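Please examine the structure shown below.

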Amino acid sequence: VDAFLAASGGVDVEALLARFDPDVVLRADPAALLVQRPEETDRPGGDGCAMVSSSTVTCDFLVTYDGTVSVDDLVFKALADPTRRLLLDRLFERDGRTLTELESEVEMTRFGVMKHLRLLEDAGLVVTRRSGREKLHFLNPVPIRLLHDRWIDKYTERRVTALVDLETELEEGT
Amino acid sequence: MTTTARTTTTQVYRVYIRTTPQAVWDAITRPEWTARYGYTGLADYDLRPGGAYTVRPTEQFRAASAAQGHAIPDVIIEGEVLEADPPHKLVTTFRMLMDPEIAAEPVTRITHEIRDTGQGVCSLTLTHELEGAERLALIVGGQFEAEGAGGGHAWVLSDLKTLLETGTSFAG
């Protein structure tokens, strides 16, 4: 999974999962989605880009949720299973595979693989495309990138900056 | 049964954005928007089949590159519009000119598809067909982010979502 994560922004999922208690993520996330938009006036080309009101925003991005499940939750859940991470790794190595190809890579029934792919698709981590009679599965790293940009940067930025400062200092000292 | 490795060099990215298809379309095609997220280039599309597509660097981008010792060309991306169906589908060819080695690779093709999923959310799917363009595939796949080449399409789309939903991009 390391290679896959490198592609999607270098997020260490194990550390990520360890860092956030799932309950905290679940409670905290709607706030992340509920960012109030500033007024339209300060945007270039704002006239053509009318936004929907954010006052009624709920978290139903992909499917209808009960109000407590967010896209981030689906991504965390999808990544919490070793078989699904293995499937993502296989897609990272070679993208655009059929169910049959993926099935041959894991010790699991066709139905089992289908179920896992379905969960990955629901979380947006896999996107499918038809090519003739075949359904091809592609790895979509954007949801992990969003987690990275929304959550990880916030907590690691200061530490990374400190390390960069230290490195600069040491290099200048030589 | 022997399985022949079929090398697929297509990359697919999808992001859900709480906004209108027209807003996404404008953010992709209008320079005042493209200067505000991702690589911050100034895009210029002649939105008809056969029309030109170019991206020029902003002054800040040019200055930042010069400070790092790279002179960059006046046009950093060039291509041709193959299909334009606002605000739903845009197909262009794509060649990056910032590096001679990458510029020499075969021309690639990018398809943007914008779909209204209802409830005020649209999906933007970016498909990049990269046959034979191995170095470009690594860059747009975000493999050179640590070297300062940006995080590729995933990073750009994440920033685009942030900009459209909050009014502010990563760079502020």
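In strand E7 of chain B, the bridge partner of Thr10(B) is Glu129(B). The model is a predicted one, in which local features need pLDDT of at least 70 and side-chain atom pairs count only at pLDDT 80 or more, while totals for chains, interfaces and linings use all residues. Residues are numbered from 1 along each chain as its sequence is written, chains are lettered from A and ligands numbered from 1 in the order in which they are written, and side-chain values use heavy atoms, without hydrogens and water.

The bridge of Thr10(B) belongs to an antiparallel pairing of strand E1 (residues 10–17) of chain B with E7(B), which extends over 8 bridges. Two strands are said to pair if DSSP finds at least two bridges between them. E7(B) is also joined by 8 bridges to strand E6 (residues 108–116) of chain B, again in the antiparallel sense; here Ile114(B) has Leu124(B) as its bridge partner. Strand E7(B), residues 122–129, is mostly covered, with 7 of its 8 residues buried, where buried means under 20% relative accessible area, exposed over 50% and partly exposed in between (1.4 Å probe, protein chains only). The hairpin of E6(B) and E7(B) has 5 residues between the strands, and Gly118(B) takes a positive phi near 85 degrees there. Gln119(B), in the loop between these two strands, has a positive phi near 55 degrees although it is a residue other than glycine.

These strands are part of an open sheet of 7 strands in chain B, with the order E1-E7-E6-E5-E4-E3-E2 and antiparallel pairing. The edge strands are E1 and E2 of chain B, each of which pairs on one side only. On average, neighbouring strands are turned by 20 degrees against each other, direction ignored; axes are lines fitted to C-alpha atoms, for helices over the stretch in contact, and angles run from 0 to 180 degrees between N-to-C directions. Within the sheet, E4(B) and E5(B) pair in the antiparallel sense over 6 bridges, and Asp85(B) has Lys89(B) as its bridge partner in E5(B). Two helices pack on the sheet. H1(B) touches E1, E2, E4, E5, E6 and E7 of chain B, and its direction makes about 155 degrees with that of E6(B). H6(B) touches E1, E6 and E7 of chain B, its direction making about 15 degrees with that of E1(B). The loop between strands E4 (77–85) and E5 (89–96) of chain B holds Pro87(B), which is joined to Pro86(B) by a cis peptide bond with omega about -5 degrees.

Why is helix H1 (residues 21–29) of chain B described as largely enclosed by the rest of the structure? The reason is that 8 of its 9 residues are buried; among them are Val24(B), Trp25(B) and Ile28(B). Val24(B) and Ile28(B) are also among the residues that touch the most other members of the largest nonpolar core, which has 42 residues. Such a core is a set of buried Ala, Val, Leu, Ile, Met, Phe, Trp, Tyr and Cys residues joined through side-chain atoms within 4.5 Å. Its largest share, 7 residues, comes from helix H6 (residues 152–166) of chain B. Apart from it lies another core, of 23 residues, among them Val75(A), Leu102(A), Val126(A) and Ile152(A).

In chain A, the axes of helix H5 (residues 82–93) and H7(A) come within 10 Å and cross at roughly 80 degrees. H5(A) and H7(A) are therefore roughly perpendicular, a term for angles of 65 to 115 degrees, with under 35 counted as roughly parallel, over 145 as roughly antiparallel and the rest as oblique. Their contact (heavy atoms within 4.5 Å) involves residues including Leu87(A) of H5(A) and Leu117(A) of H7(A). Gly112(A) is found in H7(A), residues 110–122, and counts as buried because its relative accessibility is 14%.

Confidence is expressed by pLDDT, the predictor's value for each residue from 0 to 100. Chain B has a mean of 90, and 94% of its residues reach 70 or more. For chain A the mean is 69, and 51% of residues reach 70 or more. Within chain A, confidence is lowest in helix H3 (residues 22–33), at a mean of 39, and highest in H7(A), at 95. Over residues 9–67 of chain A the pLDDT stays under 50. Where pLDDT is low, the predicted coordinates should not be read in detail. For the complex, the predictor gives an ipTM of 0.83 and a pTM of 0.73.

Technical notes:
Helices (H or I, at least four residues) and strands (E, at least two) are DSSP runs, numbered from the N terminus.
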